[in-house]
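Hi everyone, thanks for coming.

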Amino acid sequence: LALVGGAREAQMSAWLKELVAREVIAERPLGKFPKEETYAFRHGIMREAAYAMLTDRDRKVGHRLAGEWLEQAGESDPMVLAEHFERGDSRTRAAHWFERAAAAAFDANDFAGVIARVQRALACEPRGEIRGALKLLECRAHGNRGDTVAAEAIAREALRELPKESPLWFAAARVLLIATSA
């Protein structure tokens with residue numbers, strides 16, 4: 001309903017039943033969101049063909065709307081949200097969710113994952129404090145991997161972006177101090 005601009009639920013239900021009857025889609029018994037009916041294409045090639053029929057503009061709008069719906073529904077995977085917002089050309093929101101995904105990777109000691117997610121976030125061209133927070137995650141990941149040269153350089157970048165004497169600024173200063181004393 002969110003993707004088709006608020007079409008009436010009864011009309012949408014009729015279309016979904018027709019697509020199920022034609023074996024284009026199938027209802028999934030247990031969806032991620034308990035109060036929502038869940039459907040999936042029966043065959044990957046049908047999904048790809050349907051996606052290919054969309055214009056670039058429609059794909060962007062669809063991903064943005066899907067990201068908004070998923071965010072509101074309580075999607076717990078920050079990468080899912082980040083990728084929808086990235087594909088939907090909502091760069092600020094994508095950067096936010098990539099930062100959350102990088103923080104989750106850091107908590108899981110996946111330092112290569114942190115760096116990859118930070119790079120995707122930085123490709124969204126965030127500014128100010130979020131850029132500084134991303135750089136802090138990146139320098140901490142490099143530091144934990146033993147790359148003190150990269151950690152030092154990136155910590156200096158983080159310090160330039162973060163508000164002076166904020167908790168994140170002090171965290172970046174700590175990484176810089178550790179990297180330079182190694």
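Let me start with a question: which residue forms a salt bridge with E68, the closest N and O atoms being 3.3 Å apart? It's R93. By salt bridge I mean a side-chain nitrogen of Lys or Arg within 4 Å of a carboxyl oxygen of Asp or Glu. R93 sits in helix α5 and E68 in helix α3, so this pair ties together parts that are 25 residues apart in sequence.

Quick housekeeping before I go on. This is a predicted model, where local features need pLDDT of at least 70 and side-chain atom pairs count only at pLDDT 80 or more, while totals for chains, interfaces and linings use all residues. Residues are numbered from 1 along each chain as its sequence is written, and side-chain values use heavy atoms, with hydrogens and water left out.

Okay, back to R93. It also forms a salt bridge with E71, and there the closest N and O atoms are 2.4 Å apart. That pair again links distant parts of the chain, with E71 in helix α3 and R93 in helix α5, 22 residues apart. When I say helix or strand, I mean DSSP runs numbered from the N terminus: H or I with at least four residues for helices, E with at least two for strands.

Put together, R64, E68, E71 and R93 are linked in a network of salt bridges. The structure holds 13 salt bridges.

Next, the cysteines. How many disulfides does the count come to? The answer is 0, where a disulfide is a pair of cysteine sulfur atoms within 2.5 Å. Why none for C124? Because its sulfur is 20 Å from the closest cysteine sulfur, in C139, and that's too far for a bond. C124 is buried, at 7% relative accessibility, and C139 is buried too, at 0%. You'll find C124 in the loop between α6 (111–122) and α7 (128–144).

Then there are two backbone angles to look at. E23, in the loop between α1 and β1, has a phi near 60°, a positive value in a residue other than glycine. D89 also has a phi near 60°, and its place is the loop between α4 (78–87) and α5 (91–107). Why point these out? Because most residues other than glycine have a negative phi. D89 is partly exposed, at 45% relative accessibility.

Last stop, a bit more of the layout. L1 is found in the segment before α1 (9–21), and at 44% relative accessibility L1 counts as partly exposed. E27 lies in strand β1 (residues 25–28), and E27 is partly exposed too, at 48%.

That's my tour, so over to you.

Methods:
Buried < 20%, exposed > 50% of the residue type's maximum accessible area, 1.4 Å probe, protein only.
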